[in-house]
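Hello,

Please have a look at it before you read on.

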Amino acid sequence: MSVIKSITALNKTKPWDSHNQLLECVMVRQDSHNVKTFVFHTSDNSWFVYLPGQFITLELNIDGKTVHRTYTLSSSPSRPLCISITVKANQDGYVSKWLHENMKEGDKVKAYGPAGIFSFHNHLSDKYLFLAGGVGITPLMSMARWMFDYGTESDVVFIQCNQTPSDNLFTRELESMSARTPEMKVALVCERADEYGAWTGYTGRINQLMLELIAPDYMEREIFCCGPEPYMQAVRDILNTAGFDMDRYHEESFTSPVETEADIPDHDDVIIDETNKSQVAFINSGKTVKVSESETILAAAKEAGIHIPNACQFGVCGTCKVKKTSGDVHMVHNGGINDEDVEAGYILACCSNPLGEVEIEY
């Protein structure tokens, strides 16, 4: 079909009706070693109308069983001729692996939607901070593409976090948008470099110090976050500790997108209350001290007349690592301790708040 005929046909069509029209896969793009983007049309080239950040639900027949999975759209409604989902082939991902191995051009699929409330259109602001963990970048990419296409001077800081540089997605497109719109800034954070590969971006996991370096005015921004739950928990811990107004924080789980306000989960995050009292016992020193939960273990040690070696006092250097033998603490570190040490019971005294009665082997 010629372009003229296509446009003429489009002018006569209506928006996609998910209840009556199948989607047809028209393109499969390999975005990284384990991520693909699937692009869909309808058979009569209907338009797609939705908010950037929304999701669709695919209905698939796999091994004779009907399976439903939701995927946030990586496409932008500013390009309404198609929609796309970007999917990572997780090792244990039953549907994602099936899509990677089976979905091809010409295949037709039933889908419902678009739906969801995770969109900056629902929270208009002068400044935004997008925080993407892994393939959770998809709804944020939809929003960024819409802002760029719409031509608004949107003040956006876009932080993409991954394990390695080879896991990064849409890097060139993000950098291109940033180069052409000075109001958009992009930062890449990776836990480690690829083997034998150079890496000049931020290294480690997102933490408060990193956030302050990348977006010094993050307290003034409307924040949108999407990624694995541990990633979003780490972001919430950073923001709660900083006293951020969490009414301006919005998140989307790519395993269970939220369709309505009533579906937003209540997080059982630890919010430190300085009126709560705690008791910290230093076993080897034979001293016990009562402090507010807003004090740190390091402050409690000083109160008890105990010196724990320390340096940065921001949870970066790891100098103040001690072992907790009982009780709970709330620790928001900045990379100064690894998961193995945490699992073994170690904490950083400078950034751990005691919760109730706590015993420290020191």
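Below are notes on its cavity and its pockets.

This is a predicted model, in which local features need pLDDT of at least 70, side-chain atom pairs count only at pLDDT 80 or more, and totals for chains, interfaces and linings use all residues. Residues are numbered from 1 along each chain as its sequence is written, and side-chain values use heavy atoms, without hydrogens and water.

On a 1 Å grid over the protein atoms alone, a cavity is a set of points where a 1.4 Å probe fits but cannot get out; a pocket is an open set with protein on both sides within 12 Å along at least five of seven lines, and lining residues have an atom within 4 Å of a point. Points are joined across faces, edges and corners, and a volume is the space filled by probe spheres set on them.

The whole structure holds one cavity of 30 Å³ or more, and the largest cavity has about 80 Å³ of space. Among the residues lining this cavity are Ala144, Phe148, Thr181 and Glu183.

The largest pocket has about 1,300 Å³ of space. It is lined by 44 residues, and Glu191, Arg205, Pro230, Tyr231 and Ala234 are the closest to its centre.

Best wishes
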